[in-house]
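Me: Got a structure I've never looked at before. Can you walk me through it?
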Amino acid sequence: MVIKKGIFTLFAAVLMVSQLYAKDKDKFFKRVRTERVTSEQSIEWKQFGPGMSGYNEEFWCHPTDPNVMFMGPDMHVAYGSWDDGKSWHSIKDYDGDGKDLERVHDIVFSTQNPDFGLALERRGKIFETNDRGRSWELVHTIKGAKKSSYNAHTKMAIHPTNDDIWFVGAGDFWNVKSNHRSQEFIHGKKDKRAQYGYVLKTTDHGKTFKKVATNISPDLDVARIIINPAKPKQMFIATNYGVFVSNDTGESWKSAGKGLPNNLPRDMASYYNPKTKEFVLYVVEQTVYEPNGKSINTKGGVYKTTNGAKSWESITGNLGVDFNQIKDQYHRGNYHKVLSYWFGVKSKQVYPEFPKNTYSIFNRMVVNPTNKDEIYLVANQRHDKSFGPGDAWKTEDGGKTWKIVARAGTYWINGKDNAYWESKGMETGANVEFAHVRAANDQLHEIRFGSRSLAITCKGDVFIGVQQQTQRTSDGGKSWQQVDDYETAPGSNAWVGRGDSDLPGRFMLLETGIKERYILCSGEHGLFETAPLGNYPDKDAVAVRQIEGQVHDVDGNHGLHSASTVAVHPNDPKIIYTIGWRQEHRGKMRRSTDGGKTWENISTIFVGKNGSWQGIATQASLLIDPNNPDNMYFCTIRKAIQEVGQSAKESVMSKGAYGVYYSPDGGYTWKLQNSGLPEKCSVRRLTMDPKNPEIIYASLNNFNGKEPSGLYVSKNKTKTWEKVNIPADIQGVNNLFIDRNNHDMFISCGYRGGELHTGGVYKSTNNGKTWKKFFDAPYVWQTEVSPLNSDIITVIVPAQAGDKLKQFKNPGLYLSLDGGTSWKKINKGIGQPDKMTDFKPDPYNEKILWSAAWGSGWYKAILK
C-alpha cells in the first residue's frame, strides 16, 4: 500500500535532523552520537492504560499550588500533574540518556517562588526546575565517598526566605523494603547505596555545599528537614538518632527530643499559620515493643511541640488497639510475625498473650495545612514489618481520638471484628477504590496492603498508595478514589490511563486475527487487550481490558501475572497462548479458548527450585506455524538484556533449559532443539520466515562481549541449526526482522559495552547472502517495517553501560518514512528513552505507531 500524496506531505515535514542525515549520513550520526539531538516535535507519544500498576514509592504536593503534584514510582520513572491529577506526564528528559530522575527521593518547592523547585534522585543528583516542575536541569551531583552507581540521600529543604539556601539529608531512611527497625537494629540498617552522618548545606544556590550536623553520629540517617517559617534560623531534623534543633540555620545542632518516649522519630511534620505566626511541630515515634510477661508493652505514639521542641505533648489519644478483640487469624498471624522479627524469637511461643493496648509501626504522617488538628498516619504492613488493621488513620481533634479512615480488602469487606471497631466509634466497611486490580484486591487480606506513600495538598486533599494504586480523598477520608485510570463506563473494566503507568510494558501483538484488537504483554499484570472506548470523549485515546492476571485472582485461584510472550491461533482468534517466567503459573503454557475469559495450563515446561516471585528462564518469541498450527516455537534467553531482572541460573531449574523449544502438538509437549547452536549461547529472539514457516532464524545476543553470538537458521523446524554469514564486526544479534512485502532482512546488533562499529542495523536484500549497514548505532534492540508500507521503518536504540553513555547520547525511538534514507528521533512524551522494549508500526493505519517501555506501560503516537 502506498502512502497517499497528502499524507506523505505531512509525514515529510522533516526537521533539521532528517535534513542533516539526507545530506551527510556520517555527519548526522556523529552528531547523534556526540551531541544531544532534539526529537521530532510534531510527533508526540501518549501513554495509555493501565495507569499505576506498580508501587508508588513517593508522592509530593506543591506547597502553594493545589493543581501541581508529583509521584515517584519504583520502575525508574517520575510523573507530574498540573491539572489536579486529571492527567500525568513524565518529567524525565525524553531526549536524555534516561538516567535522570529514575528514583526520585524528594521534590521540594520554594514558598516564595512557586515556579522554583528541587528534585533529589537516588544517585545523589540534584535537579532544578523554574517552570513548576515541567522541566528539570541537573545542577549538582553529590560526590560519594566510594565508587558506586548509587549515592543515595534522603530529603531536602529550601529556606523559607532565601531560595539560595538548601539542605540535603544523608542516609537511606525511607528504604522500607530493607531498612527495617527491630530491637537489635533500633537505629535502622545502613545500606551501601547511601552516605550517612551529615546534612549538606548550600548558601549559593547549589554551587558549593558543606557538611553540617556531623557531630551527631557517623551513622546519621535523616528522615525529614523542617525550617520554622516564623523563625527562619530555627530548623529541625528527624533522624534515626532522634530529633535535633539548630538555631543558627544549621551550623550547630543539639538534641530536641526531651519528652519523647523513645526519641526515635519515624516521621515529622509541621503546621504554620502565616497570619498568626503559629508554628507547631509533630512527630510520630518509632513504635517500640517491650516484654511484659507473656505479653508485650508498646511505647511510641504521636507528639507535638508548640515551643520549639523545648517540651513535647502526647497526642496519641486512643490510637491503641486491644488485640484481644482482633479475632481475625490473618491479623493475629501477622502480629506474631512482626514481633518475632522485632525480638528475634518465636513470638507465638514466648509472648502468646495479646496486649490490651498496642499499635502499628507507623512510618508516615501529614498535617492539614489549613487545620492543625487534622493529622493522618499510615503504616506499611506488607513492606515495613508492621501489623494491625487499617491503611490510614486520622484525627480531627488534635489527637484526642483517632479513627481508621482507609480500609481495603476482605477484612473490611467481610466485616471482620466490626463490633469492636464500632465500639470505638469508627466506621467499618471497605472504602478504597481500585481500577483493573479491584477484583483481585477484594479477594486479598488487608495484611497484604499498607500504604507506601502519604502526602497532602495545600487545600487538604490527601494521597496514599495502597496495593499498586494511588488513591485520593477529598472528603477527609470518607472515601478514596484511585487517580491512575478512567473507566470508559461503569462496570466496563475497560480503562484509559491518565499517563502515570508503572507497568513493565512488554511484547505487543498487533495482528491477532481481529482487526484493531491488540494483545499486550506486561510484567506482573499479565495480558491486556485493547477495548472499545464507548462514549469516552477522547477518540484518540486507547482503552485496555485485562484478560489474564489479577482479573482471574478470585476464589483462591490466580491468573498468570508476568507474561513473557503471547500468540494467537492462526485459524481461531479466540484461542490465545501465553507463557510466563515469574510469579503465578511461571513456566507453564497457558491457553484460552474463549478470548481470554478463562485459561488452563496445557503443559509445564519449566519448574524452578526458587521462590515463584524470583523467576526462572525468560521466554520470548512464541510463534505458531500458520500452515500447520500444531508446530509452535519459542526461545529462552540465557542473558536477558531488557527484562526486569535477569534470567535465573540453570541450576535454579529442576526442569527446563536455555535455547529453542519446539512443540509438534499445539503446545502439549515441548522439546529443546539446540543442535548446531553454540554451547551456552543466549537466544534472544526467534523469527519465522514469512515465505516458509518451517524456516526459523535464531538471534543470539551478546551480554558482555564474551558470549557466542550471531545469526543462525534452521530449515527443518528447528531440528538442526546452521550459522548465517554476517559481517565480522558484529558482536551480538538482538533481533531479525523480515519484511513480508519484499523479504528484505534487518538484523539489530550490538551490546551494552560494545564499541560503535560492533552494533547497528544491517540490511540484506538477497536472503542473507550479503549485508550492508543500514543504521549506525552501537546498540540496537529491534527494527521493524510496516506491513502496509516498506518505507516506514522503526528502530529501538537503548542506552549502553555507564562508561559508554557518551558514545551514543541519543537513545530511544527512531523512525524513517523513506525506507531509511532519513531518520527522525521521536522520543517526545516517552518516559524511558533508554529502555523502550517494543516499537511497531500499526498494521492497519499508516499514521499510527505503538511502543512499550520497560517500566512505564505502552504508548501510542499519531503521525500528523
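Me: Which salt bridge do the side chains of Arg-740 and Glu-511 make, and what's the N to O distance?
Reply: Their side chains meet at 2.7 Å, N to O. A salt bridge here is a side-chain nitrogen of Lys or Arg within 4 Å of a carboxyl oxygen of Asp or Glu. The pair links distant parts of the chain, 229 residues apart: Arg-740 is in the loop between β52 (733–738) and β53 (745–749), and Glu-511 is in the loop between β34 (505–509) and β35 (519–522). Strands are DSSP runs (E, at least two residues), helices are H or I runs of at least four, and both are numbered from the N terminus.

Me: Before we go on, what kind of model is it?
Reply: It's a predicted model, where local features need pLDDT of at least 70, side-chain atom pairs count only at pLDDT 80 or more, and totals for chains, interfaces and linings use all residues. Residues are numbered from 1 along each chain as its sequence is written, and side-chain values use heavy atoms, with hydrogens and water left out.

Me: What about Asp-834 and Lys-835?
Reply: Their side chains form a salt bridge at 2.8 Å, N to O, and both residues are buried.

Me: Switching topic: where's Gln-286?
Reply: Gln-286 is in the loop between β19 (278–285) and β20 (288–292). It counts as buried because its relative accessibility is 1%. Beyond its neighbours within four places in sequence, its contacts (heavy atoms within 4.5 Å) include Arg-181, Trp-342 and Ile-361.

Me: And zooming out, how many helices and strands does the chain have?
Reply: Eight helices and 62 strands. Its radius of gyration, 28 Å, is close to the 29 Å the globule rule gives for 864 residues, so the chain is as compact as a globular protein of that length. That radius is taken over C-alpha atoms, and the rule is 2.2 Å times the number of residues to the power 0.38. Buried residues make up 63% of the chain.

Terms used:
Buried < 20%, exposed > 50% of the residue type's maximum accessible area, 1.4 Å probe, protein only.
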